[in-house]
Amino acid sequence: MQEEFEEYAEKAKTLPENTTNENKLILYGLYKQATVGPVNTNTKAIIIRLHDCNMRYRSSRIQELVSVLISFLIGRPGMFNLKDRAKWDAWKAVEGKSKEDAMSDYITKVKQLQEEAAAA
């Protein structure tokens, strides 16, 4: 499942520019749930997840690590940071999903969006 998920994560980068923000947020939330786990402000969880991200991505994903750190440390972004708040909410919306379910749903959503783009 991990390999297929990574394959579809790459395919998601090639979705049309007119993919709706709603669909992009769904993908974002599922991706974060599958790769990082639930949104959490627990300090121990922060350290464990940052370590896991560092081991998984090494230095090529520094921006991802910073994003995760900020999300964990500040919790839900404030009302004047609408983009990050929407992303946080999308991630929080799938908080109860297992890693495997999030991966599966992500793959299904990318396939659906690819089919819609091909039919347009």
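Which residue lies over the face of W91? Select K32 and W91 to find out. K32 lies over the ring face, at 4.9 Å from the ring centre. A charge sits over a ring if NZ of Lys or CZ of Arg is within 6 Å of the ring centre and within 35 degrees of the ring normal.

Before moving on, know your model. This is a predicted model: local features need pLDDT of at least 70, side-chain atom pairs count only at pLDDT 80 or more, and totals for chains, interfaces and linings use all residues. Residues are numbered from 1 along each chain as its sequence is written, and side-chain values use heavy atoms, with hydrogens and water left out.

**Stop 1: helix α5**

Select residues 82-93, which make up helix α5. Helices (H or I, at least four residues) and strands (E, at least two) are DSSP runs, numbered from the N terminus. The expected span of a helix is 1.5 Å times one less than its number of residues. For the 12 residues of α5 that gives 16 Å, and its end C-alpha atoms are 16 Å apart, which agrees.

Now colour W88, A90 and W91, the buried residues of α5. They cover an arc of only 160° around the axis, which puts them on the same side of α5. The arc is that of the directions from the helix axis to the C-beta atoms. On the other side, L82 and A93 are exposed. Buried means under 20% relative accessible area, exposed over 50%, partly exposed in between (1.4 Å probe, protein chains only).

**Stop 2: helix α1**

Select F5, Y8, A9 and A12, which are buried in α1. Look down the axis: the buried residues fall within an arc of 110°, so they line one face of the helix. They pack against α2 and α6 (contact means heavy atoms within 4.5 Å). K11 lies over the face of Y8, at 4.4 Å from the ring centre.

**Stop 3: the aromatic rings**

Rings of Phe, Tyr and Trp (its six-membered ring) pair if their centres lie within 6.5 Å; planes under 30 degrees apart count as stacked, over 60 as edge-to-face and the rest as tilted. The count comes to 3 aromatic pairs. Select F5 and Y31. This pair is stacked: 5.7 Å centre to centre, with 20° between the planes. F5 is in α1 and Y31 in α2 (residues 21-35), 26 residues apart.

Y31 and Y106 form a tilted pair, 6.0 Å centre to centre, with 55° between the planes. Y106 is in α6 (residues 99-119), 75 residues from Y31. Both Y31 and Y106 are buried. Show F5, Y31 and Y106 together: they form one aromatic cluster.
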